Amino acid sequence: MSCHTHSSLQPWNTFNLNARAAQISVINDRETLCQLWQESRVAQQPVLILGEGSNVLFLEDFSGHVLINRIQGIEISETEENWHLHIGAGENWHQLVEHTLKTGIAGLENLALIPGCAGSAPIQNIGAYGIEFNRVCEYVDIVELSTGNTMRMSSAECEFGYRDSIFKHRYQEGYAIVAVGLILAKKWKPILSYGDLTKLDPASVTPQHVFDAVCHMRRSKLPDPKVTGNAGSFFKNPVIDAEKAQALLQYYPSMPHYPQADGSMKLAAGWLIDQCHLKGLREGGAMVHQQQALVLINVEDATGNDVVRLAHEVRTQVGNKFDIWLEPEVRFICATGEVNAVEVIA
Ligand code: FAD
Ligand code: EPU
């Protein structure tokens with residue numbers, strides 16, 4: 001374990017915001033995680049558990065202890081039909097995707113290049129290019145931080161939804177994810193439904209082709225956080241009722257729209273923002289990305305407040321034009337912990 005006091009959070013958030021924390025510790029095991037959480041509780045100090053900080057916005061300095069989860073370990077076993085992977089929560093997700101492909105295990109390639117830790121993947125049920133985490137999840141191991149007791153939750157118990165799971169609700173406070181279990185079929189079926197993947201030939205395509213195509217598409221649209229601070233899609237794609245979607249389609253026949261299993265319609269928030277001509281809009285050091293309007297970037301020493309003012313402007317303009325009120329995907333963190341992001345930008 002390494003521990004730093006009054007340290008910058010800049011290396012620990014992909015927005016590259018220069019907030020500070022009273023204390024930052026990098027944790028390699030479950031016992032230390034629980035022990036530090038309990039000590040902070042006794043000291044009445046707020047605690048924040050982080051993976052790679054790729055889905056958080058620091059609104060100000062954090063007054064408590066930030067615990068960076070680096071619990072490692074990849075164990076692979078097999079049955080006749082499936083591979084079973086047990087992954088420490090602090091493993092890097094993209095390196096895991098690469099590692100499985102190199103080992104001859106397919107099934108994660110559509111989720112290549114998503115930043116963050118494997119243990120964070122279930123929290124918002126990461127998704128991209130036609131698949132979501134729940135499709136490969138067998139279980140999630142969590143620890144109750146006050147007791148050290150662990151629980152194994154089946155995929156069904158995780159209540160996965162679009163950018164949602166039970167870890168944003170009932171198991172958000174007082175619990176940490178310490179490992180995830182993945183199940184991948186040995187008989188590989190490519191998923192080629194999204195974007196340029198539809199151009200690949202299902203008869204000859206390999207997992208490596210899909211991986212390469214996904215990496216290429218992502219690199220052409222999304223800014224690399226190592227170069228330009230960002231947290232991926234800033235807002236969730238809105239899901240609206242079919243009637244309202246049909247009314248909008250009358251006016252905007254080319255509007256991207258994705259019918260959902262329950263009859264509702266998912267729209268592309270990036271397209272809505274783009275229609276308001278907001279690419280390049282700037283507030284202080286924060287800007288709407290020129291290649292992908294759904295991404296807000298830190299162009300020049302942005303503060304959390306710059307990003308909040310920009311998000312407010314984007315939400316207001318889209319709301320006024322379409323009567324659709326965008327909700328952040330990114331988690332907002334104030335001095336004492338998470339706050340309601342919609343309330344902050346409304
Ligand atoms: P963090 O940002 O560190 O944490 C996120 C939240 O989870 C915080 O509230 C934190 O307190 C909590 N948390 C973290 N670890 C634990 C734990 N072990 N136990 C309990 N709570 C914990 N997401 C997608 O779904 N699809 C994409 O295509 C995608 N593309 C992206 C592209 C870019 C360039 C970027 C920067 C982000 C993108 N994201 C995407 C968002 C992000 O990668 C995911 O949300 C990722 O899972 C976050 O992982 P993290 O380790 O960085 O989490
Ligand atoms: N579009 C525009 N203008 C823009 C951006 C997008 O017109 O500035 C249009 C595109 O042309 C396309 C549609 O909007 O028709 C959707 O765009 P894209 O394929 O880029 O996907 P997205 O809906 O913007 C979602 C996820 C991404 C994920 C991609 C690929 C959400 C909130 N975002 O983005 O996830 O990588 O699909 O599957 O669901 C993330 O969550 O951080 C993230 C990056």
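Student: Given that helices (H or I, at least four residues) and strands (E, at least two) are DSSP runs numbered from the N terminus, where is Glu329 placed?

Tutor: Glu329 sits in the loop that runs between helix 6 (304-322) and strand 20 (331-334). Keep in mind that this is a predicted model, in which local features need pLDDT of at least 70 and side-chain atom pairs count only at pLDDT 80 or more, while totals for chains, interfaces and linings use all residues. Residues are numbered from 1 along each chain as its sequence is written, chains are lettered from A and ligands numbered from 1 in the order in which they are written, and side-chain values use heavy atoms, with hydrogens and water left out.

Student: Okay, and which residues does UniProt list for "active site"?

Tutor: The unreviewed UniProt entry lists Arg163, Ser233 and Glu329. Although these residues are spread over 167 residues of sequence, they cluster in space, with a largest C-alpha distance of 11.2 Å. Such annotations may be inferred rather than shown by experiment.

Student: Is Glu329 buried or exposed?

Tutor: Glu329 counts as buried because its relative accessible area is 7%, where buried means under 20%, exposed over 50% and partly exposed in between (1.4 Å probe, protein chains only). The side chains of Glu329 and Arg163 are joined by a polar contact of 3.0 Å, that is, a pair of N or O atoms within 3.5 Å; within protein, one must be able to donate a hydrogen and the other to accept it, and residues adjacent in sequence count only if both atoms are side-chain atoms.

Student: Why does Ser233 count as partly exposed?

Tutor: Ser233 counts as partly exposed because its relative accessibility is 23%. Ser233 belongs to strand 13 (residues 229-233), and, leaving aside neighbours within four places in sequence, is in contact (heavy atoms within 4.5 Å) with Leu294, Val295, Glu329 and Val330.

Student: Now ligand 2: which residues come nearest?

Tutor: Of the 23 residues around ligand 2 (a heavy atom within 4 Å), the nearest are Tyr162, Tyr194, Asp274, Gln292 and Glu329. A polar backbone atom of Ser233 is 2.8 Å from an oxygen atom of ligand 2, and a polar backbone atom of Ala293 is 2.9 Å from an oxygen atom of the ligand.

Student: Switching topic, what does the side chain of Glu109 reach?

Tutor: The side chain of Glu109 reaches the backbone nitrogen of Gly107 at 2.7 Å, and a polar contact of 2.8 Å joins the side chains of Glu109 and Trp188.
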